[in-house]
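Work through the exercises below with the sequence and coordinates open. Each task is followed by a stepwise solution.

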Amino acid sequence: IVGNRKKWKEGYVEINFDCGGRAEHLRAWIAEDHGRECVVRFEWSAPMTFGQLLEHLGRIPIPPYLNRESEEIDNTRYQTVYSKFEGSVAAPTAGLHFTPGLIGAMEARGFGFEEVTLHVGAGTFLPVKDDDAAKHPMHTEHFEVRRATVARLLEKWGHITAVGTTSVRTLESLAALAWRIRTAGTPDAGRVVGQWELYDIPADYSGRDALEELLAWMDANGVERLKASTQIMITPLGYEFRIVRNIVTNFHQPKSTLLLLVSAFAGDDWRRIYNYALGHDFRFLSYGDSSVLMRE
């Protein structure tokens, strides 16, 4: 995704920088031009990986609507305190509200925490352009869940609160893997959980059934970490939530897949919730206010 695309003329962009006392360079040029989305080639002289190069030269990509340059504090603030693995292209903003102090205070009151991984993909920035949401092509995102987490989810099923829409997508995708075990004997983790795959699962197949199925398969096959990917799209078009009971989430923009997820969860109440937020000057999106959505 190339911002300010019109400013990038023909030829390459070059950045000269110092690395360990040596003069190095980075060159970038557009190999395929598709407007806002391009294929960009990079070449550099420094003895480092591309990931190390980004860390050395890059800035935290705070959202453009904040209308400011990133600052030193963003290096810690625009990231969850429990983040461990590189891979996401955006911070999971609901998690930004959780500090070590808040987590500790909640644990002291009896709340338990489990961690899952989902690498947010570039498609999270893609708005729903068609009036028919079913025609929106959903992106693929990779996720990982530990065996101990599945066991804990089963123990607490019916009382599970997901922090952020990324956690919702991860947890709900587990039901699809479990249904594959029920019908084919394997979760087939190498195959992406399809955009509409969960809509084809019978309504009486509960989240408890799914977690039991998944845990039994992991134990039988000695699997400690389940890695898979998902294109799940949660919409009000009859989606059945099986794992998640409550959601902590920020306020999302119109024509986004995230708002579709919220409306699928809250039903018609989503309009009342958003009208209240708008009427009371709540902050939307990243670095914004949050909400706890609870189902009866």
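The model is predicted, so local features need pLDDT of at least 70 and side-chain atom pairs count only at pLDDT 80 or more, while totals for chains, interfaces and linings use all residues. Residues are numbered from 1 along each chain as its sequence is written, and side-chain values use heavy atoms, with hydrogens and water left out.

**Exercise 1.** Determine whether strand β8 is enclosed or open, and find its pairing partners.

Step 1. Helices (H or I, at least four residues) and strands (E, at least two) are DSSP runs, numbered from the N terminus. Buried means under 20% relative accessible area, exposed over 50%, and partly exposed in between (1.4 Å probe, protein chains only).

Step 2. In β8 (residues 246-250), 5 of the 5 residues are buried, so the strand is largely enclosed by the rest of the structure. N246, V248 and N250 point one way, and I247 and T249 the other way.

Step 3. Two strands pair if DSSP finds at least two bridges between them. Strand β6 (residues 161-163) runs parallel to β8, joined by 3 bridges, and T161 stands opposite N246.

Step 4. Strand β9 (residues 290-294) pairs with β8 in the antiparallel sense over 5 bridges. S290 is the bridge partner of N250, and V292 stands opposite V248.

**Exercise 2.** Describe the largest nonpolar core and the surroundings of L171.

Step 1. A nonpolar core is a set of buried Ala, Val, Leu, Ile, Met, Phe, Trp, Tyr and Cys residues joined through side-chain atoms within 4.5 Å.

Step 2. The largest such core has 49 residues; V168, L171 and L198 are among those with the most contacts inside it. Elements that each supply at least two residues include β5 (141-146), α5 (165-184) and α6 (207-221). The most come from α5, with 8 residues.

Step 3. Taking contact as heavy atoms within 4.5 Å, L171 touches V116, L153, I160, A162, I243 and V244, not counting residues up to four places away in sequence.
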